[in-house]
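Dear colleague,

Please find below the structure that I am handing over to you, followed by an account of what was found in it.

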Amino acid sequence: MEPIVSIIMGSTSDLPIMEKAASIFEEFKVPFEMNALSAHRTPKEVEQFATQAGARGIKVIIAAAGMAAHLPGVIASMTTLPVIGVPINASLDGMDALLAIVQMPPGIPVATVGINASMNAALLAVQILAQSDEILKTRLSTYKESLKKKIVQANEELRKIQYEYKTN
């Protein structure tokens, strides 16, 4: 089994956040890899990864970083693959990372999800991959339908809760 998605994090301290993305890929049966690379501490390794990812069969890259958060942008500057940035709340409530990732210069796009939102990053990657994979598209439709059912069920449970002035 060869990976088609790469999860890159600036440090293994980001793993508790990025495990949510891994869980999504497990659920959707998408082969992925996880690595720690730092734009500042291992720039040569980042360049090697970014320039060779496509040739290795990677189709989407999720890059997570906190604070200065240059990792997603640096990777995006070296590849034509879609890069999804996950800002990590390492300082300043994650706003520094969010702004560092979302404010890319023209020509170097990075899709950016919310702070610590690795689950959404994985789902976005699945949506990208599903455009050319009918099995994955079916799994995604089933997943989205299950989200709808959860809300319908939650609403039914809310109807059972009684308050003196509640009207429904």
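Five strands form an open sheet in the order β2-β1-β3-β4-β5, with parallel pairing; two strands count as paired if DSSP finds at least two bridges between them. Helices (H or I, at least four residues) and strands (E, at least two) are DSSP runs, numbered from the N terminus. At the edges lie β2 (32-36) and β5 (111-112), each of which pairs on one side only.

The model is a predicted one, in which local features need pLDDT of at least 70 and side-chain atom pairs count only at pLDDT 80 or more, while totals for chains, interfaces and linings use all residues. Residues are numbered from 1 along each chain as its sequence is written, and side-chain values use heavy atoms, with hydrogens and water left out.

Within the sheet, strand β1 (residues 5-9) pairs with β3 in the parallel sense over five bridges. V5 has V60 of β3 as its bridge partner, and I7 stands opposite I62 in β3. Strand β4 (residues 83-88) runs parallel to β3 and is joined to it by six bridges; here A65 stands opposite P87 of β4. Strand β3 (residues 60-66) is largely enclosed by the rest of the structure, because six of its seven residues are buried (under 20% relative accessible area, with a 1.4 Å probe and protein chains only).

Helix α1 (residues 15-28) packs on it, touching β1, β2, β3 and β4, and its direction makes about 170 degrees with that of β1. Helix α4 (residues 95-102) lies across β3, β4 and β5 and runs at about 160 degrees to β4. Axes are lines fitted to C-alpha atoms, for helices over the stretch in contact, and angles run from 0 to 180 degrees between N-to-C directions; contact means heavy atoms within 4.5 Å.

A further helix pair is α5 (residues 118-130) and α6 (residues 134-160), which pack at an angle of about 135 degrees with their axes 8 Å apart. That angle makes α5 oblique to α6, since angles under 35 degrees count as roughly parallel, over 145 as roughly antiparallel, 65 to 115 as roughly perpendicular and the rest as oblique. The contact involves M119, L123, V126, Q127, L129 and A130 of α5, together with L136, K137, L140, Y143 and K144 of α6.

Yours sincerely

How values were computed: Buried means under 20% relative accessible area, exposed over 50%, partly exposed in between (1.4 Å probe, protein chains only).
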